[in-house]
Amino acid sequence: METIKIVHTNDLHSHFENFPKISRFIKKSRKNSKADEFLLFDIGDAMDRAHPLTEATDGQANIEWMNKQKYDAATIGNNEGLGNSHKQLEHLYDQANFPVILGNLYEKNGELASFAKPYKIITTKKGTKIGVLGFTAPYILTYPLMGWDIHLMQTEVPKALDEMKKLKCDVIILLSHLGVSMDRLLAKEYPQIDLIIGAHTHHLFPKGEMDNGVLLAAAGKWGELSISN
């Protein structure tokens, strides 16, 4: 038997006033974890340029805070993707100490965004191979205006799952900034996904939701679960 504890944040939206409590929650969870593995993910919209500190630093204040939490991986939300110019987004994660997993944002020349990786493979101490995927909401009318080519789930998810199969992953985790309706649809169509950690629609699953054998998780917005604990 192997236990894996996963802590995740989503839709923090630069609510810096909550960041100290979130940090304490993460630190306490990591310290008290009796699991064999501890993983930490962010599911996008960690930054929001509506906050003066994010605006003044082009999001680097957010990245600096995230680095201190020791995330294993993150994906982007529409606030990172569309709240920044093409150049700003290209360099947003230059100083990040965690990978950005994002499989559906491409340059116009067909190459995956330079700051992104299509997946991450985590091999646990006991040899379990975990494949981590990440996708963001495909605003097909807006991303091209920013110089990006955004791809839809119908094309990208099957390709990504084929790659996970080739790599013989034991567990597949999807970091989804797609919204609850899309998460449920993906669970219905792709039961080979084990866990979908959701965001974007600020939905909250305090105990998770099981759909077609796929566990859905989501932590609301602004770090509200960590504040209430």
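These legends describe close-up views of a predicted model. Local features need pLDDT of at least 70 and side-chain atom pairs count only at pLDDT 80 or more, whereas totals for chains, interfaces and linings use all residues. Residues are numbered from 1 along each chain as its sequence is written, and side-chain values use heavy atoms, with hydrogens and water left out.

**View 1. Aromatic rings group together around Y93 and F98.** The whole structure holds 6 aromatic pairs. Rings of Phe, Tyr and Trp (its six-membered ring) pair if their centres lie within 6.5 Å; planes under 30 degrees apart are stacked, over 60 edge-to-face, and the rest tilted. The Y93 and F98 ring centres are 6.2 Å apart, with planes at 80°, so this pair is edge-to-face. Y93 is buried at 11% relative accessibility. F98 is buried too, at 6%. Buried means under 20% relative accessible area, exposed over 50%, and partly exposed in between (1.4 Å probe, protein chains only). Y71, Y93, F98, F115 and W148 make up one aromatic cluster.

**View 2. A lysine charge sits over a tryptophan ring.** The charged end of K221 is 4.3 Å from the centre of the W222 ring. To count, NZ of Lys or CZ of Arg must be within 6 Å of the ring centre and within 35 degrees of the ring normal.

**View 3. Helix α6 has a buried side and an exposed side.** Helices (H or I, at least four residues) and strands (E, at least two) are DSSP runs, numbered from the N terminus. Helix α6 covers residues 153–166, which is 14 residues. M153, E156, V157, A160, L161 and M164 are buried. They lie on the same side of α6, because they cover an arc of only 125° around the axis. The arc is that of the directions from the helix axis to the C-beta atoms. An α-helix has 3.6 residues a turn, so residues three or four places apart point the same way. Q154, K165 and K166 are exposed on the other side. The buried residues pack against several elements, including β8 (129–136), β10 (171–177) and α7 (180–189). K168 follows α6 and has a positive phi, near 60°.

**View 4. Helix α7 also buries one side.** V180, D183, L186 and A187 are buried. Their arc is only 120° around the axis, which puts them on the same side of α7. The face turned away carries exposed S181 and K188. Among the elements covering the buried residues are α6, β11 and β13.

**View 5. Strand β13 pairs with β11 and β12.** In β13 (residues 214–219), 5 of the 6 residues are buried. Two strands pair if DSSP finds at least two bridges between them. β11 (residues 195–198) runs parallel to β13, over 4 bridges. Here I197 stands opposite A217. β12 (residues 204–211) runs antiparallel to β13, joined by 5 bridges. L204 has A219 as its bridge partner. The hairpin of β12 and β13 has 2 residues between the strands, and N212 takes a positive phi near 55°.

**View 6. Q95 is an exposed loop residue.** Q95 lies between α5 (86–92) and β4 (100–101). Its relative accessible area is 59%. Q95 and E64 are 31 residues apart along the chain, with C-alpha atoms separated by 8.0 Å. Not counting residues up to four places away in sequence, Q95 touches Q60, I63 and N67. Contact means heavy atoms within 4.5 Å.

Key. Expected span 1.5 Å × (residues − 1).
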